[in-house]
Number of protein chains: 2
Amino acid sequence: MPTLLEQEILSQPERIAGLLDAELEHIGRIAAALPTCDYALIAARGSSDRAAQYAQYAWGALAGLPVALAAPSLYTLYDAPPRLARALVVGVSQSGQSPDIVAVLEDARRQGRPTLAITNDAGSPLAATADHVIELHAGPERSVAATKTYTAQLAVLAALAAHWSGQPERLEELRRLPDQLAAVLAGRAAISARAGRYRAMTQCLVIGRGYNYATAYELALKLEELTYVMAIAYSSADFRHGPIATVAPGTPAILIAPSGRTLADMRALAGELRRRGAELLVIADDADMLALARTPLPLVDGIPEWLSPLAAVLPGQWLALQLALAKGLDPDTPRGLRKVTRTV
Amino acid sequence: MPTLLEQEILSQPERIAGLLDAELEHIGRIAAALPTCDYALIAARGSSDRAAQYAQYAWGALAGLPVALAAPSLYTLYDAPPRLARALVVGVSQSGQSPDIVAVLEDARRQGRPTLAITNDAGSPLAATADHVIELHAGPERSVAATKTYTAQLAVLAALAAHWSGQPERLEELRRLPDQLAAVLAGRAAISARAGRYRAMTQCLVIGRGYNYATAYELALKLEELTYVMAIAYSSADFRHGPIATVAPGTPAILIAPSGRTLADMRALAGELRRRGAELLVIADDADMLALARTPLPLVDGIPEWLSPLAAVLPGQWLALQLALAKGLDPDTPRGLRKVTRTV
């Protein structure tokens, strides 16, 4: 009997296809209906905050819209909500329950700003607070670790970027994505066979840049939740500003390096890490990049860089699942975690 | 002969006093001269990016100004700078040399936006690009790890918040700070005596929230650079969303918990961590909070929460220095790092 987590990881191509069928036109109507704003403020926690990080690149590059990540503590702890003139205010939450995220949207309404909720529960307090609601259509997520709701959030944020870009080919690329995600997951047996090698790993670096900065953080979070490995995420740019000092022979490092504008920088970093003796696991489609890895985690050709975070997270999710199993851990119920975390 | 790092750590109270003498009025004139903006976009890397994180809270809470952290890769890798209407654009960089930070300010000028550089080098490319320049007056930083330039950046960002707040007592609090910083450093011998206990530590959690979210990240960076420990920073809110699963008996965790709005939440987290058997190091002034620690890292009474990041980082810097010495490492020249990192 496969674990819930395995079922949910493998369901992602179909879920994304269903989401696009159900919501892509609705998202287009919302994108057109929202008033012009000078920037977006996104409130989110945990994996949803990683999705917001993706929006910083997707909305910035495709729609020219600057994205600020909200500091919910300003609302709940300091009673000092900032002025939100000219902001579009967005809450991203699987459950739609976290009081601090709801507080940011409530304040935005008081300030008369347009609000958007992206959530898996249209009946949640977050959805009730927002002017517009986009549902994730991911079905109930029964595993504690977020997988299918994370990629669904990325798909919604990508769809908004595509609509705002005014470039019809972006929507076409998005529609082709589910088949590409299925093709990536079809290669999972090779990853399963490698998981045992990392059974004794206690710490790990996860490095990505640009669109995949978010992927690095999300995979670090999956490794922490599922395998109790201390995983540290960095952008390759920040990594060279100090943390590279931690690398010693044998240090495991997962590099997220799909084809695109970040590939040259990631390849240079891979070289530096190999000279220091690091053990590289590489998520990539480029054969030369994969050849630098001790453990290649292959993607498929033809995924545009702006959508690569939806694909690149999959081999990492699968690795985290297999590593949990190799360590004898229960991937569905990590120690001391609940599905809904209510932070104030 | 004390290391350069020791000299630079101990120089901070005097450097901050000198900075306030030299720049506080000048900062007031800049604060008044800048046009009203709807939000600030701050571009920074490494420790400077941690200082920008502090501004997100200080400018948000005291001045009502939302802060977005720039994604420099949008400029340098993706050739897709976002629209910056209504934004104040700020570059924070010790050296003022990093091409990606300069690129953000150059684009802001092209878009006709007001720009501000905060740097230790008034002759740097960053300073040359900006409308307004605030110097750090930290003197040459000869150690690779940033200490005195980091607290100087915090002081400048705090001074801007104080001026914008329109509350004269905030400026008074800032002027009292150098003596309080000296009092914190006066307690350093007790920290030196504890460093040997952590000689074999390979990983460590560092947790703070609100104003001290930045402190957690900055201390994690110091531990990585100076002691090669894999240190992971979290806000206490995000920590409960998954990473808490990594905590096992003996896991070292540094908690940054000065008096203020975050103390109750940090105390609750300390209880959870103790139940899981974590080894707590606690930076705090509150006696009850310090009593929860295996290793207390005391602050002094009376530091207002909004300025506490300048004080709370000091025991952590000192611990990182002493731990490097206890491990036989050279704190002035960590392996493989250069003082100026030029990222594009």
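Predicted model: local features only at pLDDT ≥ 70, side-chain atom pairs only at ≥ 80, totals over all residues.
Residues are numbered from 1 along each chain as written, and chains are lettered from A in the order in which they are written. Local features need pLDDT of at least 70, side-chain atom pairs count only at pLDDT 80 or more, totals for chains, interfaces and linings use all residues, and side-chain values use heavy atoms, without hydrogens or water.

**Both chains.** Select the contact residues (heavy atoms within 4.5 Å): 68 from chain A and 69 from chain B. About 5,800 Å² is buried between the chains, 56% of it from carbon and sulfur atoms. Buried area is the accessible area (1.4 Å probe) that two parts lose on being put together, summed over both.

**Charged pairs.** Four salt bridges are counted between chain A and chain B. The rule asks for a side-chain nitrogen of Lys or Arg within 4 Å of a carboxyl oxygen of Asp or Glu. Show Asp79(A) with Arg261(B): their closest N and O atoms are 3.2 Å apart in a salt bridge.

**Thr262(B).** Now move to the loop between strand 8 (252-256) and helix 12 (263-275) of chain B, where Thr262(B) lies. Strands (E, at least two residues) and helices (H or I, at least four) are DSSP runs, numbered from the N terminus. Is Thr262(B) buried or exposed? Thr262(B) counts as buried because its relative accessibility is 2%; the cut-off is under 20% (1.4 Å probe, protein chains only). Leaving out residues up to four places away in sequence, Thr262(B) touches Leu77(A), Tyr78(A), Arg209(B), Gly210(B) and Glu305(B).

How values were computed. Buried < 20%, exposed > 50% of the residue type's maximum accessible area, 1.4 Å probe, protein only.
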